[in-house]
Amino acid sequence: MNRREFLAGTCLAVSGFASGCLGSRPSCTDGEWPPTPDVEEPSVSPGDSTVFEITVTGVTAFRFDTRLYTCGATDAPVRFGDVEKRPPIDAQADSCPPIWLWDDCTVVTLRVPVHVASDADPGVYDYGFTVAEDIGERSEQEFEASVTVSE
């Protein structure tokens, strides 16, 4: 069963890497859960690349979805490159995409290279990411953002 009762509220185990509790207070953010990430949404021309940043406060884990973060060789029209993580991660869950982990509540800044194929169709390419905090009670939140391929 994926449900547990706690005095602070109802906690639900969810698919992925974290669980969330209703009526509880995450300890990384002093009750301000979920955090509000600062996400740059770049516009890139076909055949070009750029680097953009995502910054989020009060997390212990981060994971992209598979829409633009690919594992292995790919011919995807828009894809992320090797992400620089600041501060460096303390551990990584080997999955695709990987789950990056920090031991303590952390202000995380990711520098994300995005590569656009020369034959990529113009438009908006959506992706998602999940952040979590696992200090005290566990909480996670999904976010959506995009990269625009200009004409």
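The model is predicted, so local features need pLDDT of at least 70 and side-chain atom pairs count only at pLDDT 80 or more, while totals for chains, interfaces and linings use all residues. Residues are numbered from 1 along each chain as its sequence is written, and side-chain values use heavy atoms, with hydrogens and water left out.

**Overall build**
- The protein chain has twelve strands and zero helices (DSSP runs: strands, E, of at least two residues; helices, H or I, of at least four; numbered from the N terminus).
- Of its 151 residues, 40% count as buried, meaning under 20% relative accessible area with a 1.4 Å probe, protein chains only.

**Pairing around E10**
- Strands pair here if DSSP finds at least two bridges between them.
- E6 and E10 are antiparallel partners over eleven bridges, with Thr50 opposite Val114 in E10.
- E7 also pairs with E10 in the antiparallel sense, over three bridges; Val78 has Val116 as its bridge partner.
- E9 and E10 share three antiparallel bridges, and a hairpin of five residues joins them.

**The largest nonpolar core**
- Such a core is a set of buried Ala, Val, Leu, Ile, Met, Phe, Trp, Tyr and Cys residues joined through side-chain atoms within 4.5 Å.
- The largest one holds 29 residues, and Leu110 is among those touching the most other members.
- E10 (99-116) is one of the elements giving two or more residues, and its seven residues are the largest share.
- Beyond neighbours within four places in sequence, Leu110 is in contact (heavy atoms within 4.5 Å) with residues including Phe52, Ile54 and Trp100.

Methods: Buried < 20%, exposed > 50% of the residue type's maximum accessible area, 1.4 Å probe, protein only.
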